[in-house]
Amino acid sequence: KKGRSPSGRRVGVSLGCISGKVLKASRCGGGGGLGCPSVGGMDQELVSLLKCPDKESAAKGARMLASFLAKASSPAKAVLALREVIPPEALQRIVTALSQRLLEEQDELEVEQALGALMHILQCEEAREAVLSVGDVGLVELCKDLIAGLSRAVRLESVAIGIAAVAVFGSVCQSDKARQLLLQHSDTEPIFEKIPGLLTASASASG
């Protein structure tokens, strides 16, 4: 059902409504140093794993990163510090590994942490640009993996997870190129179909 996704204008309106229900966009930078000799508070084992090119290390590193960012006092600064010491290819592997966790993980806490990590990475402008700097073919594959994971996440019973998944999608759509590729090459309908219900459920819960 490709090609039936909402227009760019509808994308912005719908995602703007729901993204406001989650974290405010994490702007990277500012605020001085990290005050820690490690990379954003991450130990060297984690940083080394995130630099490794093999899938197994990427999967393990992504899981550890998600857990770390869920507990970090300043996840935005941690992501910025990570961006400064690992290449774009490594960030792309992390996003793919986190997307696959959304597809495979049965524990909702693990899904929530993976979504949180994706959120912090993709809401950081410097990190997002690095992730999306891959060529068109690679970007299409990366986006397909991400949409597959997000589509599963929005189908889970948890409203909070569904809202977080839509917010991650909105973060990717801040890139015009990524948004066009998503709408052309991925089935985004499951995500858009869930937005009205998630907004209603969220409003009921907060009311």
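Q: Is cysteine 143 buried or exposed?
A: Cysteine 143 is buried, with a relative accessible area of 1% (buried means under 20%, exposed over 50%, partly exposed in between, using a 1.4 Å probe and protein chains only). Heads up: this is a predicted model, where local features need pLDDT of at least 70, side-chain atom pairs count only at pLDDT 80 or more, and totals for chains, interfaces and linings use all residues. Residues are numbered from 1 along each chain as its sequence is written, and side-chain values use heavy atoms, with hydrogens and water left out.

Q: And what about cysteine 173, buried or exposed?
A: Cysteine 173 is buried too, at 6% relative accessible area.

Q: OK, helices now. Which residues of helix 6 and helix 8 meet?
A: Val111, Leu115, Leu118 and Leu122 of helix 6 meet Leu146, Leu150, Arg152 and Ala153 of helix 8 (contact means heavy atoms within 4.5 Å; helices are DSSP runs, H or I, of at least four residues, numbered from the N terminus).

Q: What classes are those residues in the contact of helix 6 with helix 8?
A: Seven nonpolar, no polar and one charged. Here Ala, Val, Leu, Ile, Met, Phe, Trp, Tyr, Cys and Pro count as nonpolar, Asp, Glu, Lys and Arg as charged, and the others, Gly among them, as polar.

Definitions and conventions: Helix = DSSP H or I, 4+ residues; strand = E, 2+ residues; numbered from the N terminus.
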